[in-house]
Amino acid sequence: MNATSRFSGAVWFDAAKKTDCLIGGIGSIGSWLALALARTVGSITLVDMDTVDLENLGGQFFRQKNVGEQKTASLRDNLDEFAFNMALIRTKVARIQEVAPSIYPAIVFSCFDNMEARKVLFENWILRTQCVENNYPIFIDCRLGFDYYQIFCVTKDRIEDYRKTLFNDGEIPETPCTLKCTTNVAMMAAANMTGFLQNHLSNVVTQTPMSMVPFFKGYNLTYNLDTDTYDPT
């Protein structure tokens with residue numbers, strides 16, 4: 001028996017252990033996503049430029065002793081302890097605009113809280129996947145609110161569909177600072193993002209669409225409402 005024995009029989013398991021991922025933004029979504037992925041994939045690159053603030057502790061995977069530290073270094077240490085060194089963790093302290101597309105793997109997760117960074121990450125992922133032969137690239141983006149999340153799973157055939165969902169940051173209504181996020185909704189989003197990657201890898205391994213990888217999944221906790229149709233309003 002070992003730390004992975006409870007799920008090592010999964011169709012996606014061997015492929016996942018050879019998978020490299022990049023997470024852009026390691027706050028409310030990205031920090032919990034990193035924990036789930038660190039028990040699933042072979043390696044993760046964490047990209048963020050922020051430090052841990054006291055207000056981050058209520059909704060993100062950081063500890064009190066991390067306050068004032070770089071998020072990337074703190075999260076790497078927490079993952080080593082809570083994910084038992086299952087994955088190789090790399091870190092990059094930078095704005096995503098400063099990260100060259102050449103370091104991007106085929107699988108990228110967008111967990112930013114702004115549209116500008118999301119757009120840069122997406123366009124650089126496209127550039128990278130055009131340069132590297134890989135039959136299973138995927139870009140998984142999550143947009144989080146206090147009681148809802150929206151997840152987009154973008155494969156090469158859905159690039160233009162995803163572009164239609166992008167807009168300018170100035171179009172986003174400002175929400176009160178006291179209604180930004182909760183741990184449970186962020187964890188729900190991260191769990192679904194990880195599950196969609198596992199399904200994607202299952203389809204790659206079997207060469208059949210046996211597992212669901214939706215282009216869009218939305219969920220509103222207040223109304224317990226699931227939707228698979230993106231509505232920009």
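This is a predicted model: local features need pLDDT of at least 70, side-chain atom pairs count only at pLDDT 80 or more; totals for chains, interfaces and linings use all residues.
By contact I mean heavy atoms within 4.5 Å.

**Entry 1: α2 against α6**

I started with helix α2, residues 28–38, and looked up what it touches in α6, residues 183–206. From α2, the residues Ser28, Ile29, Trp32, Leu33, Ala36 and Leu37 meet Thr183, Ala186, Met187, Ala190, Met193, Thr194 and Leu197 of α6. Sorted by class, that contact holds 10 nonpolar and 3 polar residues, with no charged ones.

Next I checked the geometry. The two axes come within 8 Å and cross at roughly 50 degrees, which makes α2 oblique to α6. I noted the crossing as right-handed.

**Entry 2: α2 against α3**

Then I turned to α3, residues 71–82. Here Ser31, Ala34, Leu35 and Ala38 of α2 meet Leu75, Leu79 and Phe82 of α3.

The axes of α2 and α3 come within 10 Å, crossing at roughly 40 degrees. This crossing is right-handed.

**Entry 3: the second largest pocket**

Which helix gives the largest share of the lining of the second largest pocket? I found α6 again, with 3 residues. By class, the lining splits into 6 nonpolar, 5 polar and 2 charged residues.

Key:
Residues are numbered from 1 along each chain as its sequence is written. Side-chain values use heavy atoms; hydrogens and water are left out. Helices (H or I, at least four residues) and strands (E, at least two) are DSSP runs, numbered from the N terminus. Ala, Val, Leu, Ile, Met, Phe, Trp, Tyr, Cys and Pro count as nonpolar, Asp, Glu, Lys and Arg as charged, and the others, Gly among them, as polar. Axes are lines fitted to C-alpha atoms, for helices over the stretch in contact, and angles run from 0 to 180 degrees between N-to-C directions. Angles under 35 degrees count as roughly parallel, over 145 as roughly antiparallel, 65 to 115 as roughly perpendicular and the rest as oblique. A crossing is left-handed if the near helix is turned anticlockwise from the far one by less than a right angle, and right-handed if clockwise.
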